[in-house]
Amino acid sequence: MKKISILWADDEIDLLKPHIIFLEGKNYDVITCKSGQEALEALSEFQVDIVFLDENMPGISGLETLKEIKVMNSSLPVVMITKSEEEFIMEEAIGSQIADYLIKPVNPNQILLSLKKNLDHSRLVSEKTTSNYQQEFRKIAMDLSMVNSYEEWVSLYKKLVYWEMQLEDIEDSGMFEILESQKSEANNQFGKFVENNYEDWFTDPSGPVMSHNLFKEWVTPEIKDTPTLLVVIDNLRYDQWFAFEDSVNSFFKKTKEKSYLSILPTATQYARNAIFSGLTPLEMEKKHPEWWRNDTDEGGKNMFEDKFLGAQIKRLNLDLKWEYHKITSLRAGKQLSQNFRSQKDNDLTVIVYNFVDMLSHSKTEMEVIKELASNDKAYRSLTQSWFKNSPLLEIIQQAQAMGMKLIITTDHGTINVKQPSKVIGDKETSLNLRYKTGRSLTYEQKDVLDAKDPGSIYLPRLNMSSSFIFAKNDLFFAYPNNYNHYVSYYRNTYQHGGVSLEEMIIPFVVLEPR
């Protein structure tokens, strides 16, 4: 194993001999010099892993040497050592991106700790993370066999997401494979749980809050005393929210984080219309046939969200000044950001932001997006990058300056589909890869949650013999004809509409301005 090489520059280096012997005994290789100029010359000759740099040396100062080192190699960690605690020296050094700052006299253990912190940090974090997950693995496995309520499923799912994000940066593929198998097992068990309870939740007052009662139960109490910005980011999963939560926290502090359940199908026309209407899809079809669109109807399926919302606000007898905005392009986002001050007198401003939905559909259709979002880690990273550079963040900043409360949520999540499940239906069968509705559907019973009577789960029928099926876990539906091409095209793409933790357990976050 290659020794770690240290360059130590100090005009009193002879007095540090005991420290150097100590480090060499710990298998470090130490190159010494007595001035900044000698340090720069040594760096042009030797490859080193870290520099210990005295601030007060004859000739060029430590700070001047530091700047030259950063020009030569910006990523080389430099630890500044000084007798002085003067604030300007610390600020200068920190501004020049030092790795650590030590005050003389230093003892050998301080030096060793700084080395481990800067050079062994990734390995130590990796080892600690792996060790912690190994301990947690058994507990998660036990929880999986005992979980029996929606609240317990939320807790378990968030735990799995936490460990997925902890393990994503460590180089231990074995640990990640174990986690993936736990996620798959969790989705299998969750599918059975939903199958056994979903129908009852519509009439059980102790059941989870669902899409159609979200506005009444959770949004309405928040908007009674403070102007509120409600942001519905389409197709947003819990891990994606966690990925950009820190960016929001710069302007808002979280006061509540809850999880509601997306209705089935976990698709925009059903779940998001249910949020804004406060009605189930079956009730929407009956009460507002002029706005509701079934799968086989022509035209956009979410064209009347503002009208649905207006009708719900009226039905709830809410005296509100409100506006609704749907953002489906960068240009529309920028335009709203530029004019956002006009929302200052509203009690409620609603923004539906379609970026994540566009991203998941683009991943299916564009090779470049398939490359950029090839797995969940990349998918999270792309969402985070978008958010940090989006007009939505600018709008959130303005909302904070205007003293608005902020609510962030979504209509459903999405899942990376891996395995095909064969299905046969007639030409009227819906096209979604995670759910199907139509007549005479033939399918693998073990792969689906089926609703032969859609009315029992408050879904409309296309005709008298129509039924619904929903894919479980990470399956997607494929027709037997042209099967291989279809499967290779859609495998490892992000889809929604079915039964999974990722699609159904939804973040609902309330934040107050800082």
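**Figure 1. Surface and overall dimensions of the predicted chain.** The C-alpha atoms fill a box of roughly 90 × 55 × 40 Å along the principal axes. Of 514 residues, 54% are buried (under 20% relative accessible area, 1.4 Å probe, protein chains only). The model is predicted: local features need pLDDT of at least 70, side-chain atom pairs need 80 or more, and totals for chains, interfaces and linings use all residues. Residues are numbered from 1 along each chain as its sequence is written, and side-chain values use heavy atoms, without hydrogens or water.

**Figure 2. The largest nonpolar core, around Trp-153.** This core has 98 residues (buried Ala, Val, Leu, Ile, Met, Phe, Trp, Tyr and Cys joined through side-chain atoms within 4.5 Å). Trp-153 and Tyr-198 have the most contacts inside it. Beyond four places in sequence, Trp-153 touches residues including Phe-190, Phe-193, Leu-501 and Ile-505 (heavy atoms within 4.5 Å).

**Figure 3. Strand S13, covered on both faces.** Tyr-435 and Thr-437 are buried on one side, Lys-436 and Gly-438 on the other. S13 runs antiparallel to S16, residues 467–471, joined by 4 bridges (pairing needs at least two DSSP bridges). Tyr-435 has Phe-470 as its bridge partner in S16.

**Figure 4. Helix H18 and the residue Gly-403.** Buried residues of H18, residues 391–401, include Leu-392, Ile-395 and Gln-398. Gly-403 follows H18, with a positive phi near 75°.

Note on methods: Buried < 20%, exposed > 50% of the residue type's maximum accessible area, 1.4 Å probe, protein only. Helix = DSSP H or I, 4+ residues; strand = E, 2+ residues; numbered from the N terminus.
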